[in-house]
Amino acid sequence: MLATLLSIMIILLLLNFPMMIPLILAPVVIMLIYNPNLSMDILMKQLMTGIESPVLLCVPLFIFAADIMTAGKTSQRLLDFVGSFVGHIRGGYAVTTAAACTMFGAISGSTQATVVAIGRPMRERLLKMGYKDSQAMALIVNASDVALLIPPSVGMIIYALAAGSVSVGDLFIAGIIPGVIVFLAFAIYNIIHAKVKNIPLGEKASWKERFVHFRKALLPLGFPIIIVGGIYTGIFTPVEASGISVLYAIILEVLIFKTIKWRELPGISLSTGLVTSAVFILVAGGQLFTWVIGFAGIPRMITEAVLGTDPSALFVLLMVSVFFFVGCMFVDPIVVILVLTPIFAPAAEAAGVDLIHLGIIVTFQAALGSATPPFGVDIFTASAVFNKPYLEVIKSTPPYIVMLIAIGLLLVFFPELSLVLIQD
């Protein structure tokens with residue numbers, strides 16, 4: 001059954017069908033072949049069950065808030081603020097890029113939105129400072145992946161849904177330290193790289209200019225503070241936080257900064273609706289796929305074949321890292337999380353792995369895989385946004401991939417890095 005299921009999916013993908021088609025059609029065909037008497041109503045019910053969870057309300061609202069911020073001037077304010085403090089040091093513009101991606105990731109929760117919002121203005125600045133185009137794009141693509149680790153993360157929301165009984169709020173908080181570690185690693189590397197390559201120094205801003213940029217960035221910087229602080233203190237739930245994020249984004253961009261007009265909001269919401277519909281179809285298909293493979297006993301077969309009968313927690317986490325990293329190199333991270341999480345989560349929990357820690361490992365590997373050749377989704381996003389060939393986008397990515405793999409191993413061996421902020 002497993003061989004037939006995978007064969008159908010691979011054939012459909014090779015025929016260039018979008019991922020949602022093989023994700024839904026393959027399990028339906030499998031059930032028709034092996035269980036022809038099964039009512040199709042059961043399969044339809046599974047599709048609907050996949051999108052019934054209240055936590056999914058976070059997804060369209062956080063995406064809508066990110067779209068509003070992307071259409072406005074939030075990213076530019078963040079770039080000017082960070083650049084005014086570190087732009088004059090060797091490698092300062094690269095550090096600015098990494099910092100701005102981290103900050104905007106804490107607003108958007110989307111790697112692709114971060115590539116667009118931060119990548120466009122920062123690529124031009126990096127090129128003027130003497131960076132090669134491939135170096136600039138590699139930094140932007142990989143630094144944008146911090147958006148999957150820094151709350152609010154759409155990947156974490158999908159993981160919580162797939163794993164079951166996992167707090168989205170705890171996942172958000174647990175992702176802060178890993179996200180900061182990635183930023184620091186990228187910043188240190190780029191400072192050293194700039195000194196070795198003798199990248200020119202930028203112009204040093206005066207304290208008056210710094211204060212002006214800080215004042216302009218103060219309200220956007222309040223976004224993650226309100227969201228994370230509100231969830232951490234229990235003032236509101238992640239779903240309520242997503243609603244507040246939309247309200248905050250509208251107040252900033254429409255009423256205060258006036259970078260967006262009221263009449264533009266329907267167009268932005270339409271874009272959000274298109275993205276959300278694609279996500280929800282994938283989530284529904286993921287639920288059907290999970291139910292079918294569970295019905296066939298495939299997760300147990302896979303975990304026993306890969307993990308053995310009594311795996312250690314460390315071995316489980318290493319295997320999870322490998323499978324999610326490789327999976328996201330070829331397929332959209334949302335699909336990989338939906339398909340693989342129900343397979344590995346029970347085995348991980350049985351081995352004593354905290355499901356919050358597992359969630360950080362999963363989202364981290366999803367972030368790493370989405371920026372890794374051959375088919376990392378952020379690579380193609382950058383290629384489209386910058387109108388550059390695929391090979392030029394990936395040319396300078398190896399150092400970042402090595403750093404991310406090392407950080408991933410660090411998170412596996414030291415779970416405290418993920419759990420310290422949520423421990424009582």
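**View 1. Ser 383 in helix H19.** Ser 383 sits in helix H19, which covers residues 377-386. Helices here are DSSP runs of H or I with at least four residues, strands are runs of E with at least two, and both are numbered from the N terminus. You are looking at a predicted model, in which local features need pLDDT of at least 70 and side-chain atom pairs count only at pLDDT 80 or more, while totals for chains, interfaces and linings use all residues. Residues are numbered from 1 along each chain as its sequence is written, and side-chain values use heavy atoms, with hydrogens and water left out. Is Ser 383 buried or exposed? Ser 383 counts as buried because its relative accessibility is 17%; buried means under 20% relative accessible area, exposed means over 50%, and partly exposed lies in between, with a 1.4 Å probe and protein chains only. Not counting residues up to four places away in sequence, Ser 383 touches Lys 388, Pro 389, Tyr 390 and Val 393. Contact means heavy atoms within 4.5 Å.

View 2. Most residues other than glycine have a negative phi. Asn 387 has a positive phi, near 55°. With 67% relative accessibility, Asn 387 counts as exposed.

**View 3. Asn 198, between H11 and H12.** Here is another positive phi in a residue that is not a glycine: Asn 198 has a value of about 55°. Where is Asn 198 found? Look in the loop between helix H11 (176-197) and helix H12 (207-233). Asn 198 counts as exposed, at 55% relative accessibility.

**View 4. Arg 123 and Ala 117 in helix H7.** Arg 123 lies in H7 and is buried, with a relative accessible area of 11%. Leaving aside neighbours within four places in sequence, Arg 123 is in contact with Asp 133, Met 137, Ile 140, Phe 386 and Lys 388. Lys 388 is also one of the residues that Ser 383 touches. Leaving aside neighbours within four places in sequence, Ala 117 meets Thr 70, Ser 75 and Phe 104.

**View 5. H17 packs with H18.** Helix H18 takes in residues 355-370, and the angle between H17 and H18 is about 150°, with the axes 11 Å apart. Axes are lines fitted to C-alpha atoms, for helices over the stretch in contact, and angles run from 0 to 180 degrees between N-to-C directions. The crossing is right-handed: a crossing is left-handed if the near helix is turned anticlockwise from the far one by less than a right angle, and right-handed if clockwise. Which residues of H17 and H18 meet? From H17 come Pro 333, Ile 337, Thr 341, Ala 345, Ala 348 and Glu 349, and from H18 come Leu 355, Leu 358, Val 362, Ala 366 and Ser 370. By class, this contact has eight nonpolar, two polar and one charged residues. Ala, Val, Leu, Ile, Met, Phe, Trp, Tyr, Cys and Pro count as nonpolar, Asp, Glu, Lys and Arg as charged, and the others, Gly among them, as polar.

**View 6. The largest pocket.** This pocket has a volume of about 1100 Å³. On a 1 Å grid over the protein atoms alone, a cavity is a set of points where a 1.4 Å probe fits but cannot get out, a pocket is an open set with protein on both sides within 12 Å along at least five of seven lines, and lining residues have an atom within 4 Å of a point. Grid points are joined across faces, edges and corners, and a volume is the space filled by probe spheres set on the points. Of the 32 lining residues, Leu 13, Met 19, Gly 327, Phe 330 and Val 331 lie nearest the centre. The lining divides into 28 nonpolar, three polar and one charged.

**View 7. The second largest pocket.** Its volume is about 550 Å³. Among its 25 lining residues, Ile 63, Ser 110, Gln 112, Val 275 and Ile 334 are nearest the centre. H14 gives the most to this lining, with five residues. By class, the lining has 13 nonpolar, nine polar and three charged residues.
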